[in-house]
There are 2 protein chains.
Amino acid sequence: MNDPDWSLYRTFLAVCRTGSLSGAARDLGLTQPTAGRHVDELERLLRRTLFTRSPQGLMPTDAALEIRPYAESLATTAAALLRQVSGATERVEGVVRITASDVIGVEVLPPILARLQAAHPGLVVELSLSDQVEDLLHREADVAVRMTRPVQDALVVRSIGEIELGLYAHPDYLTQAGTPETFADLSLHRMIGFDRQTAFVRMAAAEMRRLNPGFSTVEEIGWHYRTDNNLAQLAAIRAGAGIGFCQTRLAEREPRLQRVLPEVRYPLPSWVAMHEDLKTSPRCRATFDALVEGLQDYVSAPSSR
Amino acid sequence: MNDPDWSLYRTFLAVCRTGSLSGAARDLGLTQPTAGRHVDELERLLRRTLFTRSPQGLMPTDAALEIRPYAESLATTAAALLRQVSGATERVEGVVRITASDVIGVEVLPPILARLQAAHPGLVVELSLSDQVEDLLHREADVAVRMTRPVQDALVVRSIGEIELGLYAHPDYLTQAGTPETFADLSLHRMIGFDRQTAFVRMAAAEMRRLNPGFSTVEEIGWHYRTDNNLAQLAAIRAGAGIGFCQTRLAEREPRLQRVLPEVRYPLPSWVAMHEDLKTSPRCRATFDALVEGLQDYVSAPSSR
DNA sequence: GAGCAATCATTCAAAAATGAATGACCCCGA
DNA sequence: TCGGGGTCATTCATTTTTGAATGATTGCTC
């Protein structure tokens, strides 16, 4: 009598995501009346109103917001199942989903993945770039590059060493604003930094207190250019907007970036991780190995100093 | 073109579980031809043979075994979603799923849960008793009683103190076999213990080495009555089969159980845990609180010594 | 304010999924 | 060796689901 058909959850989720029956229908390859009927039936079976209908779209109710995470989880699992099937052969082929920070994904991974795909033409790579760690246990991703040590069980974890961060600026900026000689000088500069409080920010705060006890918190630096998007920070540094953090290995590739206060160093211990069960999956195994090797090279490349 | 309807996974899972199309159809309220067609379509869409048909049932192929965990995960999530909906009111009602060890579930929880349900008649309790910890993050259970500190994030955890284990035997046994005076005497007795290596066994081994450096491993005790089922161990002790471990609070209730070597004590730090998101769910919150209170009472009840 | 581009709701015919019935096969026990 | 109970496969009528078309409403733009 109860127990809705699982496909109703898929429609429900699509409606949540698109905000309209029509949009959901487009995404799913259905028609708008069908999507509407699915929602109707789900509402009937759950005995809950899920959306308040309006001509310009549907507003999810509290009940809908409550069950949406579950529907997302269903979608994630279904996607992982398909990836698993796609790569269930002896060869390295199918879809592998990698999660990493955006900087790593844009600046470091491309050549590594290109080499991997050259070796395995059947391999399709999905890159999910974000700082919020996708959950490997939930199979939101197959392989992850992490800056924090994964603590969960049932994960295969390999250290790739420490990615070092330093302060950098464009020569144009330094010519115009001068080069800081001491940590305290930084307060006179345009600093490129973070918008919200993140793990890295807290760590940086602790490190700055260590280097300069006069500053009680990192907030006192007074960021002049705030964004949580690390790529945007990097672009800002390149554009001469001020002084900001950049991975030293990355900066070494760019002759036009100049290091500031070389004693400021944040080593970020980094790892590659994947679910234990995926060890036997050729596509995941090959990707994992390629990432470990490529990133170890990246981390330990001879410094150009 | 691809992307099977999610309901196909449900049928697939039912076929896996029952081992036959007919059985799956019975479970799902379908008919056998429909179940068969679902499997056919899933096989077509995944381009994999999932079962080898035979008159006495269906044998899952390797591909089926590979994707079954994903289907199980879908089922778990769908069930959690329904529980969430069932209890999404201001009142404490709906289904709450609790996981605990079997001894706790059989010997300790009943009065606590009975009281809870007396206070909230609309509350339905699902008890999942096993030593393998169900994953709270995956919502396999809403609330868990754990003997190991939960490490995962996003969990609400409350300590309930230490559950103490001791050695016990039935007076009949001691009359017949004698009462051991020293730890070394135990090797002359019929010991009731574990079949396989578990976390507790490893801990007990360490503890025994501490108490008695002469024994290098717990295996040397030579269990005479082996089972991983703690309830069966308890029953064996009660039946006078030998000496075994029992929670002291439990044993104190039973005048016919006599403590052996009182210096042998294993305190098991214990916790109640649930997913953070469920804090706002009245049914989970009430259950969590009732378990914490009830178990704290159980742990700290005045000893009858 | 008219026209356009969205939205959702309704209707009705077409398509798809389902179930009942039946047949074929296999295993087991009498 | 012969049912009886279990399985899956096939067929066909029925039910259900779906989609196309249409209408009604809203918001936006010109």
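Helices (H or I, at least four residues) and strands (E, at least two) are taken here as DSSP runs, numbered from the N terminus. This is a predicted model, so local features need pLDDT of at least 70 and side-chain atom pairs count only at pLDDT 80 or more, while totals for chains, interfaces and linings use all residues. Residues are numbered from 1 along each chain as its sequence is written, chains are lettered from A and ligands numbered from 1 in the order in which they are written, and side-chain values use heavy atoms, with hydrogens and water left out.

Just past helix 2 of chain B sits B:Gly29, with a positive phi of about 75°. Helix 2 itself spans residues 21–28 of chain B, and B:Leu21, B:Gly23, B:Ala24 and B:Ala25 are buried there. Buried, in this account, means under 20% relative accessible area, exposed means over 50%, and partly exposed is in between (1.4 Å probe, protein chains only).

Now for chain A as a whole. Its secondary structure comes to ten helices and eleven strands. Of the 305 residues in chain A, 51% are buried. Contact means heavy atoms within 4.5 Å; among the contacts in chain A with a separation of 6 or more, 73% come from residues 24 or more positions apart. One spot to look at is A:Glu254, which is found in the loop between helix 9 (248–252) and strand 10 (258–260) of chain A. A:Glu254 has 22% relative accessibility, so it counts as partly exposed. Its C-alpha atom is separated by 9.2 Å from that of A:Arg238, 16 residues apart along the chain.

Back in chain B, strand 3 (residues 94–100) and strand 4 (residues 123–129) run parallel and are joined by seven bridges. Two strands pair if DSSP finds at least two bridges between them. Within this pairing, B:Gly94 stands opposite B:Leu123 of strand 4. To get from strand 3 to strand 4, chain B passes through helix 5 (residues 102–119), and this β-α-β crossover is right-handed. That label applies if, with the strands pointing away from the viewer, the path from the first strand over the helix to the second runs clockwise.

How do the two chains relate? The same surface serves both of them, as 100% of the contact residues of chain B recur in chain A.

The contact itself takes 30 residues from chain B and 30 residues from chain A. Together the two chains bury about 3400 Å², with 66% of it on carbon and sulfur atoms. On the chain B side, B:Trp6, B:Arg10 and B:Tyr70 lose the most area to chain A, together 26% of what that side buries. Buried area here is the accessible area (1.4 Å probe) that two parts lose on being put together, summed over both.

Charged pairs come next. A salt bridge is a side-chain nitrogen of Lys or Arg within 4 Å of a carboxyl oxygen of Asp or Glu. The structure holds 32 salt bridges over all chains, and three are found across the interface of chain B and chain A. One salt bridge pairs B:Arg10 with A:Asp3 (3.3 Å, N to O). This pair crosses between chains, from helix 1 (residues 6–18) of chain B, where B:Arg10 lies, to the segment before helix 1 (6–18) of chain A, where A:Asp3 lies. B:Arg10 counts as buried at 17% relative accessibility, whereas A:Asp3 counts as partly exposed at 39%. A:Arg10, B:Asp3 and B:Asp5 are also linked in a network of salt bridges.

Other salt bridges stay inside chain B. The side chains of B:Arg53 and B:Glu43 meet at 3.1 Å, N to O. B:Arg53 is in strand 1 (residues 51–54) and B:Glu43 in helix 3 (residues 32–46), ten residues apart. B:Arg53 is partly exposed, with a relative accessible area of 42%, while B:Glu43 is buried, at 12%. Finally, B:Asp289 and B:Arg285 form a salt bridge with their closest N and O atoms 3.6 Å apart. Both lie in helix 10 (residues 282–300) of chain B, four residues apart, about one turn of the helix. B:Asp289 is partly exposed at 33% relative accessibility, and B:Arg285 is partly exposed at 34%.
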